[in-house]
Structures are given as C-alpha cells and as structure tokens.
Amino acid sequence: MAQHHKSSLPEKQCVACGRPFQWRRRWARDWEHVKYCSERCRRSGPAPASTQHEPDMAATTMTPQRIRRSS
Ligand SMILES: [Zn+2]
C-alpha cells in the first residue's frame, strides 16, 4: 500500500543531520543548492565522515615477536 502524499513536494536529505526535509517556499530560488534543513545545520556543516575506527585491526598490528631461543 503506497501512501500518497497530499502534496508532492520535493524532498531532500539534510547533509548535516541526515533528516529529510521538504521543499519550502523560501528555497524556491535555489532549491538545487539547498543542502541543509535549517540555518542551524547550515552552520554546523556537513556531518563528519562516519567515524570509522578500525576495530581491532589497528590494535592488533602485528607485533613482531622475536622469540629468543636460549640454547
Ligand atoms: Zn539538518
């Protein structure tokens, strides 16, 4: 069942908060360039690239184990 929206306003996703927002009249002029849902988001800017901590890989960097054989 597809829900039909009463008004089919274009939507975009805010690059700052990631939420979808709808077209507003005030953006009529430069809708193409609108990236943020609000002034606030605009200031905060785009969300930082997803924090990708390399899980264990970094921690478990091969520590060369020198096995000293005492003969
Ligand atoms: Zn936003």
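The exercises below, each with a worked solution, concern the fold, the zinc site and the aromatic residues of this protein.

The model is a predicted one, in which local features need pLDDT of at least 70 and side-chain atom pairs count only at pLDDT 80 or more, whereas totals for chains, interfaces and linings use all residues. Residues are numbered from 1 along each chain as its sequence is written, and side-chain values use heavy atoms, with hydrogens and water left out.

**Exercise 1. State which secondary-structure elements the protein has and in what order they run.**

Solution. Begin with the elements, for which helices (H or I, at least four residues) and strands (E, at least two) are DSSP runs, numbered from the N terminus. The protein has one helix and two strands, and from the N terminus on they run β-β-α. Next, consider burial, where buried means under 20% relative accessible area, exposed over 50% and partly exposed in between (1.4 Å probe, protein chains only). Buried residues make up 14% of the 71 residues. Finally, turn to contacts, meaning heavy atoms within 4.5 Å: of those with a separation of 6 or more, 17% are between residues 24 or more positions apart.

**Exercise 2. Identify the protein donors of the zinc ion and describe the geometry of its site.**

Solution. Donors are N, O and S atoms within 2.8 Å of the metal (3.2 Å for Na, K and Ca), and since water is not among the atoms, sites may look incomplete. The SG atoms of C14, C17, C37 and C41 meet this criterion, lying 2.3 Å from the zinc ion, and along the chain they follow the spacing C-x2-C-x19-C-x3-C. The angles among the four donor atoms are 103 to 116°, and the site is tetrahedral, a label that requires all angles of four donors to lie between 85 and 135 degrees. Because C14 lies in the loop between β1 (11-13) and β2 (20-22) while C41 lies in helix α1 (residues 39-44), this pair ties together parts that are 27 residues apart in sequence. Both are buried, C14 at 2% relative accessibility and C41 at 11%. By contrast, R42, which also lies in helix α1, is exposed at 54%; its C-alpha atom is 9.0 Å from that of C14, 28 residues away along the chain.

**Exercise 3. Work out which residues make up the largest nonpolar core and which of the aromatic residues form one cluster.**

Solution. A nonpolar core is a set of buried Ala, Val, Leu, Ile, Met, Phe, Trp, Tyr and Cys residues joined through side-chain atoms within 4.5 Å. The largest has nine members: C14, A16, F21, W27, W31, V34, Y36, C37 and C41. In soluble globular proteins, nonpolar side chains tend to be buried together.

For the rings, Phe, Tyr and Trp (its six-membered ring) pair if their centres lie within 6.5 Å, with planes under 30 degrees apart counted as stacked, over 60 as edge-to-face and the rest as tilted. The whole structure holds three aromatic pairs. One of them joins F21 and W27 edge-to-face, at 5.3 Å centre to centre and 70° between the planes. F21 is buried at 5%, as is W27 at 8%, and together with W31 they form one aromatic cluster.

**Exercise 4. Find what surrounds W31 and W23, leaving aside neighbours within four places in sequence.**

Solution. W31 is in contact with P10, E11, K12, F21, Q22 and W23. The charged end of K12 sits over the ring of W31, 4.9 Å from its centre, the criterion being NZ of Lys or CZ of Arg within 6 Å of the ring centre and within 35 degrees of the ring normal. W23, in the loop between β2 and α1, is partly exposed at 27% and is in contact with L9, P10, A28 and W31. W23 and P10 are 13 residues apart in sequence, yet 5.5 Å apart C-alpha to C-alpha.

Technical notes. Tetrahedral: all angles 85-135°; square planar, octahedral: opposite > 155°, others 65-115°.
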